[in-house]
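Dear colleague,

I am passing on the structure below, together with some notes on what turned up in it. Please read them alongside the model.

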Amino acid sequence: MVRRILKLTGKPESLVSYVQDRPGHDRRYALDCTKCETELGWRPDITLEDGLRHTIEWYKNRSDWVADVRAGEYLTYYEKYYDNRDSSLHAIGSSVTKKSH
């Protein structure tokens, strides 16, 4: 996968660095969509290569968004909506219940 991404971004394979496996780390990941195809009639709309290409283009076209993420700007959003998630959800639920009555 890394080699595919490097190729699509025009980067050299020399950027790949190998790390020591963790104990219990999977040696290989594999995906077989045969069951989805035969039992559900599902087939992917785009190829893996096209999906990777589209994803890379999405990021390239949103350099401001990427810069904000790298700078940590997204953390404000997560703090607002997820740090106090239980109390926020409770408050939202209470206001919806009051409006519906």
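What covers the buried residues of H3? Helix H1 (2-9) is included in that cover, where contact means heavy atoms within 4.5 Å. This is a predicted model, in which local features need pLDDT of at least 70 and side-chain atom pairs count only at pLDDT 80 or more, while totals for chains, interfaces and linings use all residues. Residues are numbered from 1 along each chain as its sequence is written, and side-chain values use heavy atoms, with hydrogens and water left out.

The buried residues of H3 are Gly 51, Leu 52 and Ile 56 (buried is under 20% relative accessible area, exposed over 50%, partly exposed in between, with a 1.4 Å probe and protein chains only). They lie on the same side of H3 because they cover an arc of only 130 degrees around the axis, taken from the directions from the helix axis to the C-beta atoms. Helices are DSSP runs of H or I with at least four residues, numbered from the N terminus.

Four salt bridges were found in the whole structure, each a side-chain nitrogen of Lys or Arg within 4 Å of a carboxyl oxygen of Asp or Glu. Among them, Arg 3 pairs with Glu 13, with the closest N and O atoms 3.0 Å apart; this pair links helix H1 to the loop between H1 and helix H2 (34-40). Another joins Arg 53 to Asp 50, also at 3.0 Å, and both of these residues lie in helix H3, three residues apart.

Methods. Helices (H or I, at least four residues) and strands (E, at least two) are DSSP runs, numbered from the N terminus.
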